[in-house]
Amino acid sequence: VFDRASEKFLLDGWEAPANDDWGAAWWIGRDPAELAVPLNLPPGAARITVRSRTRLDEPAMRASMAVEVNGIEAGRFEAGVPEASASVIEVPAEQAGRLFRRGFNRIAFRSLGVTPVDPTDTRPPGRLSRLRVWPVAIYELRIEQGQ
């Protein structure tokens, strides 16, 4: 859970903590946003679950993100709009064996850009488009043995 206690695991790219209707979170402020995660997964498949949302602006934008584990992309997801939502990345056993190691792992959230939620909305991007990276709140990261 990305509450104040998680701050000790945050490395680079994090902006500020938040606490809203969906719980405690940290905002991504730079690309990539990285954290250290201690793991001891058994051999086999893994599952990465990320609960996130984008910061609202007019027009509403959908943020695409990649999750990297120790410098290798594990998968992609879209942050929730307008509410926080969970995205699941299934990592096959062969790939999990290359990605994860026992002990601390460097997990990075990388921005892949934004697209309008409503593609017919022709308004120009709002004030958030001036930021270096679209703000995404991360509420929870879960890495566990897969199916």
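How many bridges join strand β5 to strand β6, and do these strands run parallel or antiparallel? The legends below begin with this pair. The model is predicted: local features need pLDDT of at least 70, side-chain atom pairs count only at pLDDT 80 or more, and totals for chains, interfaces and linings use all residues. Residues are numbered from 1 along each chain as its sequence is written, and side-chain values use heavy atoms, with hydrogens and water left out.

**View 1. The pairing of β5 with β6.** Strands β5 (residues 61-69) and β6 (residues 72-78) run antiparallel and are joined by 6 bridges. Strands are DSSP runs of E of at least two residues, numbered from the N terminus, and two strands pair if DSSP finds at least two bridges between them. Within this pair, V67 stands opposite G75 in β6.

**View 2. N70 in the hairpin turn.** The hairpin formed by β5 and β6 has 2 residues between the strands. N70, in the loop between β5 and β6, has a positive phi of about 50° although it is not a glycine. Most residues other than glycine have a negative phi, and most peptide bonds are trans.

**View 3. The surroundings of N70.** The side chains of N70 and R101 make a polar contact (2.9 Å); such a contact is a pair of N or O atoms within 3.5 Å, and within protein one must be able to donate a hydrogen and the other to accept it, while residues adjacent in sequence count only if both atoms are side-chain atoms. Neighbours within four places in sequence aside, N70 is in contact (heavy atoms within 4.5 Å) with L99, F100, R101, N105 and R106.

**View 4. Two cis peptide bonds.** The bond from D31 to P32 is cis, with omega near 0°, and P32 is found in the loop between β2 (23-28) and β3 (33-39). The bond from V81 to P82 is cis, with omega near -5°; P82 lies in the loop between β6 and β7 (85-91).

Definitions and conventions: Helix = DSSP H or I, 4+ residues; strand = E, 2+ residues; numbered from the N terminus.
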